[in-house]
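Let's take a walk through this protein together. Keep the picture in view and look up each residue as we reach it.

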Amino acid sequence: MYHLSRIAALMGLLLPTSVLAAQSLEGLVENNSGKAVSGALIRVEGTNLNAVTGKDGRFVIDDLSIGNNEFHISVSGYAHLHKDIVFSEDESKTITLTLTRSPIEVIDVVATPIHMSVMESAAPVSVLAGEALRRQQAATIGDSLEKLPGVQSNFHGNVASTPIIRGLSGPRVLIAQNGLDVSDVSRVGPDHSVAAEASTSQQIEVLRGPATLFYGSGAIGGVVNVADGRVPTDSATRGEWLLENSSVNDQKLASFNVTTGTESFGFYADGYWRKSNDYEVPVDPDSDHDEDDEDHEEHDFVVENSAEESNGITLGASYLFDKGFLGIAVEQFNREYGIPGHTHGDEEEHDHDEEESVFADLEQTRVQLLGEFNADGEWIKKINFRGGFTDYEHAEVENSEVGTLFENQTSEIKLDFIHSTFADWNGGISFHFKNSDVAAQGEEAFTPPSKAQTFALAIMEEKHIGEVLVQFGGRIEQVTLEADNVLLPTLETHHEDEEEDDHDHDHDDETSITRVFAVDHEFTPVSLSAGLVWDFTEGYNLGLSVSRSQRAPSAAELLSFGPHIGTGNYEVGALFALYETEHEAYIGLSDEKIDLETANNIDLTFRKTEGDIAFVFNAFYNQVDNYYYQTSTGLSAESGHDHDHGDEETEEESSEELLPVYIFETDDVILHGFEAQVAWQVTHAFKATFFSDYVRARLKDGGNLPRTPPLRLGTQFSYENESLSAHLDITRYDTQDRITSDETVTDGYTLVDASVSYDIPVFNQDIALYLKGSNLTNTEARVHSSFIKDVAPRPGRNIAVGVRGYF
């Protein structure tokens with residue numbers, strides 16, 4: 001640690017400084033009624049300088065720069081305030097800052113080098129934090145976020161749900177943790193869980209629309225960043241804990257996180273444990289859901305193989321010095337969960353006994369290094385460092401044997417150099433490196449082992465010009481994708497309208513040839529973005545963001561060739577193509593050029609930021625050229641998985657399951673829609689909120705994209721005082737009938753959720769007892785964006801009771 005101090009001091013000498021300690025600001029923060037506002041954070045943009053107001057609303061900040069200093073003031077329940085103050089040498093000033101109420105919570109994004117929040121940035125942002133996060137947290141990240149405008153879930157049987165942002169998911173939506181790729185295999189298939197936990201996080205940030213400038217080409221559709229305190233930035237003692245039990249699946253949850261330390265060292269620990277059974281539903285999940293199920297008793301049915309057991313623990317420590325910090329955290333994450341709909345065999349012959357259950361066994365070890373150095377130099381103001389190494393393993397187990405093993409080892413480094421304010425411009429340059437080795441072995445390994453490597457350089461800048469905030473940026477990447485053993489087997493296909501029994505399944509005497517070859521692709525995605533926010537009158541602003549983002553196709557989109565039981569399809573990548581002659585159909589190498597996917601996106605935003613009524617209206621238009629997506633070939637192929645019906649099985653009974661063959665193709669698509677959020681602070685304690693979102697996803701030349709979420713409308717009524725918090729949520733999902741030929745219409749439904757929490761001070765802790773109810777009307781609800789909507793509807797009525805404490 002002595003050497004770190006020497007290095008910090010040396011960097012301060014090497015970077016010429018113009019900062020003098022004599023400039024200072026003393027101030028008072030109050031509301032419109034003249035009452036002092038305590039707990040307000042006053043931060044000097046682009047520096048580590050900050051202060052928090054005491055009970056009297058007062059603060060002091062020293063060591064300010066000569067010239068213009070941009071102050072940002074934020075506190076819960078109020079609109080953020082920006083204030084530019086110019087200091088001359090040895091000058092001290094006194095100021096009173098007045099905040100106005102905002103019923104829409106304004107929370108800053110922490111993992112971007114320029115300032116972003118729901119009310120102030122050109123790009124659309126949502127943040128889930130505090131009590132709202134604890135109230136909405138679920139076993140999966142997708143289900144935790146689905147009440148945010150513009151975000152829905154693909155709901156894979158309550159165990160592996162991932163977020164859908166404006167109709168996009170999978171390889172187009174990056175899941176990050178503290179700004180680094182979470183590095184699991186959730187982007188490969190919907191049955192793969194995200195290796196991140198909501199119950200130990202501090203906030204979850206969602207950047208809607210392209211976020212490639214900050215995270216790379218894998219974020220062409222948006223980003224979900226799970227932020228936590230695993231690498232502490234201070235040593236103040238604080239923490240929280242939680243115990244909860246839910247009725248619909250008998251889920252038991254326990255979690256905690258704690259931060260403490262000394263003057264020079266910060267320490268952090270968190271952990272969680274969750275266990276649940278198969279969840280209950282109001283209808284028979286395997287029946288035709290168009291049938292009348294009114295005669296069934298409530299909760300007579302469960303979704304088989306939807307249980308889970310998971311746990312995780314994280315330990316972190318930081319060295320804290322005058323100009324920043326440097327820390328490390330190590331996490332062990334384990335999750336074992338059933339895969340609903342992932343069964344083999346004839347359901348008429350079997351009774352879903354334990355021997356047939358298929359489950360995933362996920363283990364991940366993750367190391368993160370985070371650092372920040374406040375250089376205060378003439379050219380460089382601050383340096384941010386993020387580094388991570390992830391060792392991930394995901395086994396799919398059937399009959400106590402590993403059928404398929406997925407592995408992912410990822411190393412990642414991000415380095416941000418934030419320059420000193422130049423002509424009122426704030427921003428910096430970012431360097432990014434990421435290397436991922438992904439392998440899958442086993443009978444359902446539909447993608448060959450591959451290595452992906454990214455080098456990137458990005459620039460981001462912003463400036464206030466009068467009442468207009470201007471933001472722009474650019475990023476260039478070099479992406480390489482290598483695979484040594486790409487397989488092109490001879491695939492026997494059948495037309496889907498033919499009966500399986502009409503085919504001879506004894507292929508032992510047939511010649512089967514598999515071609516093996518190497519693939520080495522290099523791509524250069526370039527992304528550009530520009531935006532502005534115009535505060536055209538007090539309490540209102542208009543936002544405009546335009547971007548051109550490019551994405552290199554993933555290994556799964558290019559190289560897949562095999563059965564993917566999670567989707568129930570035989571998947572073939574874009575490197576291959578379907579060829580048909582008069583007598584046969586076969587798959588060979590494609591003649592089409594493998595090219596970048598390019599999104600041209602425009603966002604318009606109208607916001608009312610202050611007063612008893614606030615709102616945010618977003619409208620977006622996104623044209624994606626060379627969009628990679630799966631289309632049905634009209635053929636089926638054998639899964640390669642033998643169905644074992646027992647020792648007395650006859651040769652005629654022995655068969656392999658036929659799966660529909662889907663192939664990745666490219667086309668130009670258009671996605672457009674809106675998000676709306678209106679909040680009315682009726683009284684000091686009572687608030688009403690309305691939201692709606694919609695996306696229309698279609699091929700440019702006609703036709704629909706599959707599994708597009710429907711129109712959604714929602715309301716929330718909240719009552720909060722010093723000790724009681726109560727919320728009623730009503731959300732309507734419309735019927736989705738804009739479908740492809742391979743889909744069925746999904747009926748609309750309405751979900752009613754409620755929660756009540758009561759705070760009880762005990763010793764030096766704030767203890768909250770709470771009761772949560774979801775789907776209180778026990779409605780049959782099937783998620784259109786789910787691959788298994790016909791066998792795994794949403795859970796029925798659930799009552800959860802719990803207690804949480806803060807210290």
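Start with Phe321, which is partly exposed, at a relative accessible area of 21%. Here buried means under 20% relative accessible area, exposed over 50% and partly exposed in between, using a 1.4 Å probe and protein chains only. A quick word on the model: it is predicted, so local features need pLDDT of at least 70 and side-chain atom pairs count only at pLDDT 80 or more, while totals for chains, interfaces and linings use all residues. Residues are numbered from 1 along each chain as its sequence is written, and side-chain values use heavy atoms, leaving out hydrogens and water.

Now for rings. Rings of Phe, Tyr and Trp (its six-membered ring) pair if their centres lie within 6.5 Å; planes under 30 degrees apart are stacked, over 60 edge-to-face, and the rest tilted. That rule gives 21 aromatic pairs. One of them joins Phe321 and Phe373, a tilted pair with 6.4 Å centre to centre and 40 degrees between the planes. Phe321 belongs to strand 20 (residues 308-321) and Phe373 to strand 22 (residues 358-374), so the pair ties together parts 52 residues apart in sequence. Strands are DSSP runs of E, at least two residues, and helices are runs of H or I, at least four, numbered from the N terminus. Phe373 is buried, with a relative accessible area of 8%.

Next, find Glu557 in helix 5 (residues 555-559). Glu557 counts as buried, at 3% relative accessibility.
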